[in-house]
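Hi,

Here is the structure I promised to pass on. Have a look at it first, and my notes follow below.

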Amino acid sequence: MSDEKVYPMTREGKEKLEAELEDLKSNKRPQVVERIKIARGFGDLSENSEYESAKDEQAFIEGRISTLQHMLQNVEIIEKKDNDGRVSLGSLVRFKELPDGIEEEYTIVGKAESDPFAGKISNESPIAQALLDKQVGDLVEIQTPGGAMNVEIIEVA
């Protein structure tokens with residue numbers, strides 16, 4: 001069991017997954033079971049699109065429940081600590097692209113809670129990989145699928 005995948009995440013990320021799991025179990029699962037029950041009443045199941053749709057949704061919900069339970073059993077909470085100003089998991093990093101000076105800001109989180117549109121990037125992403133263990137003032141070359149970009153770190157929190 002030592003090969004079990006660990007899911008690093010913040011305490012807030014864990015709480016969000018726990019809330020999603022509770023919603024799936026308490027609300028979504030009973031709703032889809034009721035949809036299946038109603039769809040069965042429509043007759044021949046071989047040509048019943050409502051029944052097939054409900055069964056597909058049920059499979060998705062059960063799969064998501066299983067995934068969330070596994071992740072929560074193997075979670076590793078990222079404690080916010082004094083990291084001597086270096087970028088680490090849980091850090092908020094602000095940098096400017098060079099030479100144009102466009103600023104970007106991201107929080108580096110575990111893959112399970114990454115949400116680039118909310119400014120949370122996975123520690124496994126090319127940007128995070130390049131920034132980890134760097135500090136304010138460091139010039140960093142980041143290799144992305146779109147090509148290399150050069151940045152200067154201006155804040156680590």
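Before the notes, one term: buried area is the accessible area, taken with a 1.4 Å probe, that two parts lose on being put together, summed over both. Also keep in mind that this is a predicted model.

The chain splits into domain 1 (7-77) and domain 2 (86-156), and their centres, taken over C-alpha atoms, are 34 Å apart. Each side puts residues into the contact: six from domain 1 and six from domain 2. Together the two domains bury about 470 Å², with 66% of that on carbon and sulfur atoms. On the domain 1 side, Pro8, Met9 and Thr10 account for 67% of the area buried against domain 2, more than any other three residues.

What about polar links between domain 1 and domain 2? There are zero salt bridges and one residue pair in polar contact. Strand S1 (residues 7-9) gives the most to the domain 1 side, with three residues. By class, that side has four nonpolar, two polar and no charged residues.

For the C-terminal part, an unreviewed UniProt entry places "domain: Transcription elongation factor GreA/GreB C-terminal" at residues 84-156. That stretch is 8% helix and 45% strand, and its end C-alpha atoms lie 10 Å apart.

Two backbone details to look up while you have the model open:

- Leucine 98 and proline 99 are joined by a cis peptide bond, with omega about 10 degrees; proline 99 sits in the loop between strand S3 (92-98) and strand S4 (103-109).
- Aspartate 133 has a positive phi, near 75 degrees, and is in the loop between helix H3 (126-131) and strand S6 (139-144).

Cheers

Notes:
Residues numbered from 1 in each chain as written. Predicted model: local features only at pLDDT ≥ 70, side-chain atom pairs only at ≥ 80, totals over all residues. Heavy atoms only, no water. Helix = DSSP H or I, 4+ residues; strand = E, 2+ residues; numbered from the N terminus. UniProt positions renumbered as here; feature names shortened; annotations may be inferred. Domains from an automatic or database assignment. Contact = heavy atoms within 4.5 Å. Salt bridge = Lys/Arg side-chain N within 4 Å of Asp/Glu carboxyl O. Polar contact = N/O pair within 3.5 Å; in protein donor to acceptor, adjacent residues only side chain to side chain. Nonpolar A, V, L, I, M, F, W, Y, C, P; charged D, E, K, R; others polar.
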